[in-house]
Amino acid sequence: MTLTFNAEKYKELLTAYLPKLIKSEAENEQALGIVEDLMHRKRTPEEDELYQLLITLIEKFEQEYYQPNQQNNPVSMLLFILEESERSRDDLVAVLGTEDLVDNILNGQQQINTEQARKLGEFFHIESSLFME
């Protein structure tokens with residue numbers, strides 16, 4: 001069964017949550033609370049779209065606020081999502097293939113390639129580009 005995206009339901013979610021660029025820690029905390037709520041349940045396609053949008057907005061704020069001169073850090077994003085989703089390193093091994101590969105990625109000795117980013121995106125149900133530099 002393929003779930004279809006309902007634009008009207010998505011519009012209702014956008015109206016209810018009013019996502020926008022995050023400009024303060026208070027707004028960031030509010031967005032994180034919504035993401036955490038969405039993370040711990042089975043999401044509809046519309047909720048998944050909102051979830052991905054909020055993660056992107058949070059990441060943008062945190063990059064600019066906490067690391068203004070650094071590029072996107074896929075390892076930090078992976079560790080954040082791993083912790084927030086209450087998954088483990090063993091889950092990453094199951095997704096990516098080997099313990100050595102996971103260790104090398106988490107230790108910054110190896111970059112996440114396009115295929116690995118795709119697998120991680122599918123596993124966490126988020127945009128794979130969050131794992132790319």
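Let's start with valine 102: leaving aside its neighbours within four places in sequence, it is in contact with Arg89, Leu92, Val93 and Leu96. Keep in mind that you are looking at a predicted model. Valine 102 sits in helix H6. Is valine 102 buried or exposed? Its relative accessible area is 1%, and the cut-off for buried is under 20%, so valine 102 counts as buried. For a sense of distance, pick out lysine 42 as well: 60 residues separate it from valine 102 in sequence, and the two are 26 Å apart in space, going from C-alpha to C-alpha.

Now for the helix pair around that valine. Arg89, Leu92, Val93 and Leu96 belong to H5, and there they meet Glu99, Leu101, Val102, Asp103, Ile105 and Leu106 of H6. Sort the residues of this contact by type and you get seven nonpolar, no polar and three charged. The two helices pack at an angle of about 115°, and their axes are 8 Å apart. Their crossing is right-handed.

Stay with H5 for a moment. Its buried residues include Leu92, Val93, Val95 and Leu96. Why do we say that the buried residues of H5 line one face? Look down the axis of H5: its buried residues fall within an arc of 165°, so one face of the helix is lined by them. An α-helix has 3.6 residues a turn, so residues three or four places apart point the same way. And what covers the buried residues of H5? The cover includes H4, H6 and H7. On the face turned away from the buried side, you'll find the exposed residues Asp90 and Ala94. After H5 comes glycine 97, which has a positive phi, near 120°.

Next, zoom out to the core. The largest nonpolar core has 36 residues, and Leu78, Leu120, Phe124, Ile126 and Phe131 are the ones that touch the most other members. Which helices each supply at least two residues of this core? They are H1 (7-17), H2 (25-39), H3 (45-66), H4 (74-84), H5 (89-96), H6 (99-106) and H7 (114-124). The largest share, seven residues, comes from H3. In soluble globular proteins, nonpolar side chains tend to be buried together.

The angle between H2 and H3 is about 145°, with the axes 9 Å apart. H2 passes H3 in a left-handed crossing. From H2, the contact uses Glu25, Asn28, Ala31, Leu32, Ile34, Val35, Leu38 and Met39, while H3 brings Glu47, Leu50, Tyr51, Leu54, Ile55, Ile58, Phe61, Glu62, Tyr65 and Tyr66. By type, the residues of this contact split into 14 nonpolar, one polar and three charged.

One last stop in H3 is aspartate 48, which lies in that helix. Its relative accessibility is 18%, so with the buried cut-off at under 20%, aspartate 48 counts as buried. What does aspartate 48 contact, leaving aside its neighbours within four places in sequence? Its partners are Arg43 and His125.

Conventions:
Residues are numbered from 1 along each chain as its sequence is written. This is a predicted model: local features need pLDDT of at least 70, side-chain atom pairs count only at pLDDT 80 or more; totals for chains, interfaces and linings use all residues. Side-chain values use heavy atoms; hydrogens and water are left out. A nonpolar core is a set of buried Ala, Val, Leu, Ile, Met, Phe, Trp, Tyr and Cys residues joined through side-chain atoms within 4.5 Å. Buried means under 20% relative accessible area, exposed over 50%, partly exposed in between (1.4 Å probe, protein chains only). Helices (H or I, at least four residues) and strands (E, at least two) are DSSP runs, numbered from the N terminus. Contact means heavy atoms within 4.5 Å. The arc is that of the directions from the helix axis to the C-beta atoms. Axes are lines fitted to C-alpha atoms, for helices over the stretch in contact, and angles run from 0 to 180 degrees between N-to-C directions. A crossing is left-handed if the near helix is turned anticlockwise from the far one by less than a right angle, and right-handed if clockwise. Ala, Val, Leu, Ile, Met, Phe, Trp, Tyr, Cys and Pro count as nonpolar, Asp, Glu, Lys and Arg as charged, and the others, Gly among them, as polar.
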